[in-house]
Amino acid sequence: MAELQDKIFAFCEAAKGKKKLKEKDILIGVSAELSLEKDDVKKALREMINVGRLMYSYGGGASSVEIPSEEYLREKGMIP
């Protein structure tokens with residue numbers, strides 16, 4: 001599962017600053033790249049969001065998945 005999460009993180013990192021990724025973009029992109037079921041990718045993505053490695057954000061009436069900033073993580077007490 002950690003390997004899949006690293007792939008998801010790399011996928012998000014590649015799009016950072018270029019495109020706001022929707023959850024659907026990640027499910028389709030990563031599952032196609034690794035030939036996995038979308039449900040497996042979805043479970044890994046949810047775990048990453050639960051621990052704060054990725055986060056949902058809202059803007060322009062749509063939700064997206066982003067890599068949280070260090071400032072955000074400090075504010076939430078996830079890093080010292």
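## Ground rules

Helices (H or I, at least four residues) and strands (E, at least two) are DSSP runs, numbered from the N terminus. The model you are looking at is predicted, so local features need pLDDT of at least 70 and side-chain atom pairs count only at pLDDT 80 or more, while totals for chains, interfaces and linings use all residues. Residues are numbered from 1 along each chain as its sequence is written, and side-chain values use heavy atoms, with hydrogens and water left out.

## How the helices pack

Let's start with the helix pairs. Two packed helices are described by the angle between their axes and the distance between the axes. Axes here are lines fitted to C-alpha atoms, for helices over the stretch in contact, and angles run from 0 to 180 degrees between N-to-C directions. Angles under 35 degrees count as roughly parallel, over 145 as roughly antiparallel, 65 to 115 as roughly perpendicular and the rest as oblique.

Helix 1 (residues 2-15) and helix 2 have axes that come within 10 Å and cross at roughly 120°, which means that helix 1 is oblique to helix 2. The crossing of helix 1 past helix 2 is right-handed (left-handed if the near helix is turned anticlockwise from the far one by less than a right angle, right-handed if clockwise). On the helix 1 side, Leu4, Lys7, Ile8, Phe11 and Cys12 meet Asp25, Ile26, Gly29, Val30, Glu33 and Leu34 of helix 2, where a contact means heavy atoms within 4.5 Å. By class, the contact of helix 1 with helix 2 has seven nonpolar, one polar and three charged residues; Ala, Val, Leu, Ile, Met, Phe, Trp, Tyr, Cys and Pro count as nonpolar, Asp, Glu, Lys and Arg as charged, and the others, Gly among them, as polar.

Next comes helix 2 (residues 23-34) with helix 3: their axes come within 9 Å and cross at roughly 125°, so helix 2 is oblique to helix 3. Helix 2 passes helix 3 in a right-handed crossing. Glu23, Ile26, Leu27, Ile28, Val30 and Ser31 of helix 2 make this contact with Lys38, Val41, Lys42, Leu45 and Arg46 of helix 3. Six nonpolar, one polar and four charged residues make up the contact of helix 2 with helix 3.

Helix 1 and helix 3 pack at an angle of about 80°, with their axes 9 Å apart, and helix 1 is therefore roughly perpendicular to helix 3. Here Leu4, Gln5, Ile8 and Phe9 of helix 1 meet Asp40, Val41, Ala44, Leu45, Glu47 and Met48 of helix 3. The contact of helix 1 with helix 3 divides into seven nonpolar, one polar and two charged residues.

Ser31 belongs to helix 2 and counts as buried because its relative accessibility is 8% (buried means under 20% relative accessible area, exposed over 50%, partly exposed in between, with a 1.4 Å probe and protein chains only). The side chain of Ser31 reaches the backbone oxygen of Leu27 at 2.5 Å. Beyond its neighbours within four places in sequence, Ser31 is in contact with Ile26, Leu36, Glu37, Lys38 and Val41.

Ser35 lies in the loop between helix 2 and helix 3. With a relative accessible area of 66%, Ser35 is exposed. Most residues other than glycine have a negative phi. Phi of Ser35, by contrast, is near 55°, a positive value in a residue other than glycine.

Met48 sits in helix 3 and is buried, with a relative accessible area of 1%. Met48 and Asp6 are 42 residues apart in sequence and 9.8 Å apart in space, C-alpha to C-alpha. Leaving aside neighbours within four places in sequence, the contacts of Met48 are Gln5, Ile8, Phe9, Arg53 and Leu54.

Arg53 is in the loop between helix 3 (38-51) and strand 1 (55-59), and it counts as partly exposed at 29% relative accessibility. The side chain of Arg53 makes a polar contact with the side chain of Asp6 (3.1 Å). A polar contact is a pair of N or O atoms within 3.5 Å; within protein, one must be able to donate a hydrogen and the other to accept it, and residues adjacent in sequence count only if both atoms are side-chain atoms. Neighbours within four places aside, Arg53 is in contact with Gln5, Asp6, Phe9, Met48, Ile67 and Pro68.

## Ser57 in strand 1

Ser57 is placed in strand 1 and counts as buried at 12% relative accessibility. A polar contact of 3.0 Å joins the side chains of Ser57 and Glu66.
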